[in-house]
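Please consult the sequence and the structure while reading.

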Amino acid sequence: FANIVLADEINRAPAKTQSALLEAMQESQVTIEGETHRLPSPFMVLATQNPVEQEGVYVLPEAQVDRFLFRVLLGYPTFDEERRVLQTWNTTPPPVGVVLSPALIESASEAAERVHVAPTLIDWIVRLVQATRTHPAVRLGASPRASLALLRCAKARAFILGRDMVLPDDVKELVRHVFNHRILLAPEAELDQIRVEDVIAECLAQSPYDREP
């Protein structure tokens, strides 16, 4: 019961835990011994995930994965980043102060939803999503939740950058992060070492933005 919940190594949690977390993420509530409790607003789940090659991990249900807005892929740190880790690991971090209140976050979210999106941009988002479903290397394409997520994220990016309308660059900048965990490759594509990132790039190339209605 917090505004922000961090689940570390989420794919080590057993099925019952995943089911409970799915209810929280989808319904903004938890059920304990038949009694339902509403979660605070705003509510956000952040999670880290171990590589599937490691032992003791569970495959997350597709329905749960689809509830995450982004998946950010982290590789090894650069030389300077890793040196900073060594230099600062045993130092006391500076005190953390309040930056935003829940009320201000909700107000900003409502303002972001009012950002204008041209009909041609909405059509482009739909074409990109549908292109993932017909790509020959894909077993399961992006869901309707992906198109809605891309639309809302593009609005949020435009709002953060001080604009009252979405531009094509907002969609291009975010599509990889919104799609990469929602696309499942066919087994033969994985054997050919095709990556989800390659599929998304091909969908962008094959479905360019058309300003004409």
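Q: Is Glu-9 buried, partly exposed or exposed?
A: This is a predicted model, in which local features need pLDDT of at least 70, side-chain atom pairs count only at pLDDT 80 or more, and totals for chains, interfaces and linings use all residues. Residues are numbered from 1 along each chain as its sequence is written, and side-chain values use heavy atoms, with hydrogens and water left out. Buried means under 20% relative accessible area, exposed over 50%, and partly exposed in between (1.4 Å probe, protein chains only). The relative accessible area of Glu-9 is 32%, so Glu-9 is partly exposed.

Q: Which loop holds Glu-9?
A: Helices (H or I, at least four residues) and strands (E, at least two) are DSSP runs, numbered from the N terminus. Phi of Glu-9 is positive, near 50 degrees. Most residues other than glycine have a negative phi. Glu-9 lies in the loop between β1 (4-7) and α1 (15-27).

Q: How many residues lie between β2 and β3 in their hairpin?
A: Two strands pair if DSSP finds at least two bridges between them. β2 and β3 run antiparallel and are joined by four bridges, with Thr-31 partnered by Thr-36 in β3. In the turn, Glu-33 has a positive phi of about 50 degrees and is exposed, at 84% relative accessibility. The number of residues between β2 and β3 is two.

Q: Is the peptide bond from Ser-41 to Pro-42 cis or trans?
A: Pro-42 is in the loop between β3 (35-38) and β4 (44-47). Most peptide bonds are trans. Omega from Ser-41 to Pro-42 is near 0 degrees, and the bond is cis.
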